[in-house]
Amino acid sequence: MDLIHKFLNIVFPLISLITIPPFLVFKSINFIVKWVCSETENVAGKVVLITGASSGIGEHLAYEYAKKGACLALVARREDCLQVVAGKAQELGSPDVISIRGDVSEVDDCRIFVAEAMNHFGRCVKKMGFFYDLNHTIPMLDDFNATVDHLVNNAGIAPVCMFEDYADVTNHASVMNINFWGSVYSTHFAIPHLRKSKGKIIVISSCAGWLPTPRLSLYSASKGALISFYETLRTEVGSDIGITIVTPGLIESEITQDEFLTKAKLKIIPRLSTERCAEAILNSTCRGERYLTEPAWTRVMMLWRLLCPEVHDGCNHFFLIDRPNHERMMQNNRIQDQSAERNYVNRTSVVSLEFKAD
Ligand SMILES: NC(=O)c1ccc[n+]([C@@H]2O[C@H](COP(=O)([O-])OP(=O)(O)OC[C@H]3O[C@@H](n4cnc5c(N)ncnc54)[C@H](OP(=O)(O)O)[C@@H]3O)[C@@H](O)[C@H]2O)c1
């Protein structure tokens with residue numbers, strides 16, 4: 001067995017070195033041809049369910065879909081904000097918008113909002129057939145074809161905290177529950193309908209899912225898990241359902257307000273407008289792309305991460321970790337942390353557990 005591994009250790013990299021370059025050339029040509037020739041999906045009249053539609057990227061995605069005439073089911077916890085977004089989406093051209101209050105971390109909420117969207121937008125395919133009752137004579141509708149065409153898994157929260165500063169690490173399951181399980185639950189209930197409509201799933205992950213960033217350890221883990229989950233799901237659903245995995249960089253939204261940027265030390269990085277990001281997501285989805293990173297320049301960071309991880313880690317450490325302050329802060333945090341964590345789950349998507357050092 002050892003001999004087989006020794007053989008593979010030599011042969012497999014060699015074969016890869018020979019085959020990958022021509023494949024990359026083929027892929028690039030294919031990309032250009034597709035870009036020029038491919039048809040983009042027309043979403044007019046289609047049913048789109050968006051989670052986390054009360055603000056930020058989800059809100060602006062709702063507007064982009066509305067401009068193209070899609071019907072919308074908007075989900076989030078803040079009903080008042082959803083109503084405002086729904087009203088504006090209708091003004092922009094959506095023929096029908098419903099807003100549904102739901103917490104994606106609750107499996108029953110996910111079951112219910114998918115069912116509510118189905119009930120509201122269910123399409124009745126009127127094939128008149130015969131229901132074989134005892135008399136074999138009663139005409140019935142023989143197919144009720146409820147459907148959703150796009151599911152946008154966008155709801156998320158972003159805690160900012162050095163890992164050592166979490167006083168009780170068991171208090172932070174909500175990050176995974178919302179960012180990861182929220183998408184998985186919604187997908188599970190929507191998938192039978194998406195199969196029928198040959199629909200699409202759009203997953204809003206994050207660059208942090210593949211680009212380690214200090215103070216975002218739990219967030220990065222939840223976004224990395226999303227990428228891994230949907231890449232695997234893609235292998236299972238094949239061509240029946242398209243999956244676009246979106247990894248945004250820094251985008252203007254409620255999450256990336258001043259407090260977040262200061263605590264995460266990300267103020268130097270320019271933020272992309274939410275409108276531009278939402279527009280890029282819809283274009284990419286309609287073209288059937290598998291991945292989108294926006295702004296596009298952040299994709300280059302993946303190369304650095306892949307080819308020179310030590311440079312990337314060094315930069316992170318040098319620019320983003322402020323050791324002396326951090327030590328001081330840790331002492332204070334340990335004392336104050338516990339009371340803050342009690343409020344954690346109920347707060348909005350802007351979540352931080354860091355505290356003032358003084
Ligand atoms: N902004 C960025 O720089 C950036 C970068 C990469 C990835 N992302 C991702 O993009 C997504 C959208 O974030 P955003 O930037 O647009 O921030 P945002 O404005 O704070 O939007 C987050 C949305 O998620 C909803 N949400 C949070 N927890 C929820 C829950 N338990 N159930 C249902 N909805 C919930 C919020 O609505 P309610 O509070 O009303 O429930 C809100 O509508 C997130 O997944 C985020 O991780 C953002």
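The legends below describe close-up views of a predicted model.

Residues are numbered from 1 along each chain as its sequence is written. Because the model is predicted, local features are given only at pLDDT of at least 70 and side-chain atom pairs count only at pLDDT 80 or more, whereas totals for chains, interfaces and linings use all residues.

**View 1. The protein chain as a whole.** The secondary structure of the protein chain comes to eleven helices and 13 strands, where helices (H or I, at least four residues) and strands (E, at least two) are DSSP runs numbered from the N terminus. Of its 358 residues, 36% count as buried; a residue is buried if 20 or more other C-beta atoms lie within 10 Å of its own, exposed if 12 or fewer, and partly exposed in between, with C-beta atoms placed from the backbone. Among the contacts in the protein chain with a separation of 6 or more, 70% come from residues 24 or more positions apart, a contact being a pair of residues whose C-beta atoms, placed from the backbone, lie within 7 Å.

**View 2. The shell around the ligand.** The ligand is surrounded by 33 residues, of which the closest are Gly52, Gly56, Arg77, Gly156 and Ser253; a residue is near a molecule or strand if its C-beta atom, placed from the backbone, lies within 6 Å of it. Helix H2 (residues 56–67) gives the most to this shell, with three residues. By class, the shell has 14 nonpolar, 15 polar and four charged residues, where Ala, Val, Leu, Ile, Met, Phe, Trp, Tyr, Cys and Pro count as nonpolar, Asp, Glu, Lys and Arg as charged, and the others, Gly among them, as polar.

**View 3. The crossing of H2 and H8.** The axes of H2 and helix H8 (residues 274–286) come within 8 Å and cross at roughly 60 degrees, axes being lines fitted to C-alpha atoms, for helices over the stretch in contact, with angles that run from 0 to 180 degrees between N-to-C directions. H2 and H8 are therefore oblique to each other, since angles under 35 degrees count as roughly parallel, over 145 as roughly antiparallel, 65 to 115 as roughly perpendicular and the rest as oblique. H2 contributes Gly56, Ile57, His60, Leu61, Tyr63, Glu64 and Tyr65 to the contact, and H8 contributes Thr274, Glu275, Cys277, Ala278, Glu279, Ile281 and Leu282. By class, this contact has eight nonpolar, three polar and three charged residues.

**View 4. The pairing of H4 and H5.** Helix H4 (residues 107–121) and helix H5 (residues 173–197) have axes that come within 8 Å and cross at roughly 30 degrees, which makes H4 roughly parallel to H5. The contact is made by Val107, Cys110, Arg111, Val114 and Met118 of H4 and by Tyr185, Ser186, Phe189, Ala190 and His193 of H5. Seven nonpolar, two polar and one charged residues make up this contact by class.

**View 5. Loop residues with positive phi.** Arg215, in the loop between strand E10 (200–204) and helix H6 (217–237), has a phi near 75 degrees, a positive value in a residue other than glycine, and Arg215 is buried, with 24 other C-beta atoms within 10 Å. Lys265, in the loop between helix H7 (258–264) and H8, has a positive phi of about 60 degrees although it is not a glycine; with 16 C-beta neighbours inside 10 Å, Lys265 counts as partly exposed.

**View 6. A cis peptide bond.** Glu294 and Pro295 are joined by a cis peptide bond with omega about 0 degrees, and Pro295 has its place in the loop between strand E12 (291–294) and helix H9 (299–307).

How values were computed. Contact = placed C-beta atoms within 7 Å.
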